[in-house]
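User: I'm new to this one. Can you walk me through it, starting with the charged pairs?

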Amino acid sequence: MTNAALLVEERRGHLVECEFWGHVVGIDLQGNIRYQVGDSYHVTYLRSAAKPFQAIPFFRRQLHKKYGLTLEEQAVLTASHRGQSFHVNTLEALLDKLSLNEGQLVCGASYPLHTPSHYRLLHDGHLERKLYHNCSGKHLCLLAVCQAEGYPLQGYEKDDHPLQQELRAIICEMAGLNRDRLQLGIDGCGLPVYAMPLYHVAQAFQRLAHPEIMEDAATSAAARDLTTAMNACPDWVSGTGLICPALLRDANIVAKGGAKGIYGFALKREGLAFALKVADGSEDKWAYIVAAILSQIGYEDGTTIERLRELCPDEILNSLGAVVGRHRIGFQLA
């Protein structure tokens, strides 16, 4: 990964045991690069960081109001949920409200990513389900749009499906990117996934957090409604003890991460948006990196930074609780 910078260093004893390299970019409301580490234009897939943008067609059509969805049900449409019991209960309620069935979801059957929930299901003899897949909320969201528009329910994962074409246009609009610069791949759940420079990922999160700067009124209202649900019900966006809830509990922040080290977030009051990529795809250092970003820009809400540091503290402990190493930030925002 060319031009990557050292983001985090792990020391054990007197040795550097691990290094985590990558890129960070921060922009203001005018699209000016205010902060950068590594390559601000490094191209990477959005993966699940795209989920709030993929929910815009649902909210743009006011389907959350038509079906009388609770805030929890709205939030899980944007989620990379961990299959905890409250996630599953919400998703089952959504199936009923949207008049859909689990078999219509393209994503594969799986066990929950939440380890205790996974073990409990195995212990009780339960099989994998599509509803346990961390992307199932997104798939229900897309199927509901197809149903409302009369689009084919089969094949909604294909790039030439009318809904996928709408999603591509929305992502380009939010990111300020020409369609011919958007690169296409297939995500783990079977849907198209798009790659773009980190700078444009930051632009997309900037518009998500500041819907007033968007020209299209319906898209602006959709962004406002879905981010309201994300902030109101942060545990439904991923799961307990993870970075997304730690950030989203702060009403000033809109945030979402994706697989393989991509993370985006925006600060409403400050008019700043950031995108970062950990080169080796690690996610467990996100909280440490974002805490450092917020500290270095002088973010005033110390409780948010403290929540992040609790997820990834300076000290590295072994299974006996002894301090055996330390994390160290390797960058200074320039």
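Analyst: Aspartate 284 forms a salt bridge with lysine 285, with the closest N and O atoms 3.0 Å apart. A salt bridge here is a side-chain nitrogen of Lys or Arg within 4 Å of a carboxyl oxygen of Asp or Glu.

User: Is lysine 285 buried or exposed?

Analyst: Lysine 285 is buried, with a relative accessible area of 3%. Buried means under 20% relative accessible area, exposed over 50%, and partly exposed in between, using a 1.4 Å probe and protein chains only.

User: What should I know about the model itself?

Analyst: This is a predicted model, where local features need pLDDT of at least 70, side-chain atom pairs count only at pLDDT 80 or more, and totals for chains, interfaces and linings use all residues. Residues are numbered from 1 along each chain as its sequence is written, and side-chain values use heavy atoms, leaving out hydrogens and water.

User: How many salt bridges are there in the whole structure?

Analyst: A search of the whole structure finds 19. One of them joins glutamate 149 to arginine 61, at 2.6 Å between the closest N and O atoms. Glutamate 149 lies in helix H7 and arginine 61 in the loop between H2 and H3, so the pair ties together parts 88 residues apart in sequence. Helices (H or I, at least four residues) and strands (E, at least two) are DSSP runs, numbered from the N terminus.

User: How exposed is glutamate 149? And arginine 61?

Analyst: Glutamate 149 is partly exposed, at 39% relative accessible area. Arginine 61 is also partly exposed, at 23%. Both belong to a salt-bridge network that links Arg60, Arg61, Glu149 and Glu166.

User: Which residue does arginine 129 meet in a salt bridge?

Analyst: Its partner is glutamate 92, at 2.9 Å from N to O. Arginine 129 sits in the loop between helix H6 (115–123) and H7, and glutamate 92 in helix H5, so this pair ties together parts 37 residues apart in sequence.

User: Back to H7. How many of its residues are buried?

Analyst: 11 of the 14 residues of H7 are buried, so the helix is largely enclosed by the rest of the structure. Among them are Lys138, His139 and Leu140. H7 covers residues 136–149 and reaches 20 Å from its first C-alpha to its last, close to the 20 Å expected at 1.5 Å a residue. That expected span is 1.5 Å times one less than the number of residues.

User: What do the buried residues of H7 pack against?

Analyst: They pack against several helices, including H1 (51–54), H5 (85–98) and H8. Contact means heavy atoms within 4.5 Å. After H7 comes glycine 150, whose phi is positive, near 75 degrees.

User: New topic. In what order do the strands of the open sheet run?

Analyst: The order is S4-S6-S5, three strands with antiparallel pairing. Strands S4 (43–45) and S5 (183–186) are the edges, each pairing on one side only. Two strands pair if DSSP finds at least two bridges between them. Three bridges join S4 to S6 (residues 192–197).

User: And the core? Which residues touch the most other members?

Analyst: Phe58 and Phe265 do, in the largest nonpolar core, which has 106 residues. Such a core is a set of buried Ala, Val, Leu, Ile, Met, Phe, Trp, Tyr and Cys residues joined through side-chain atoms within 4.5 Å. Helix H12 (residues 286–296) gives the most to this core, with nine residues.

User: What does phenylalanine 265 touch?

Analyst: Leaving aside residues up to four places away in sequence, its contacts include Phe205, Ile253, Phe274 and Leu294.
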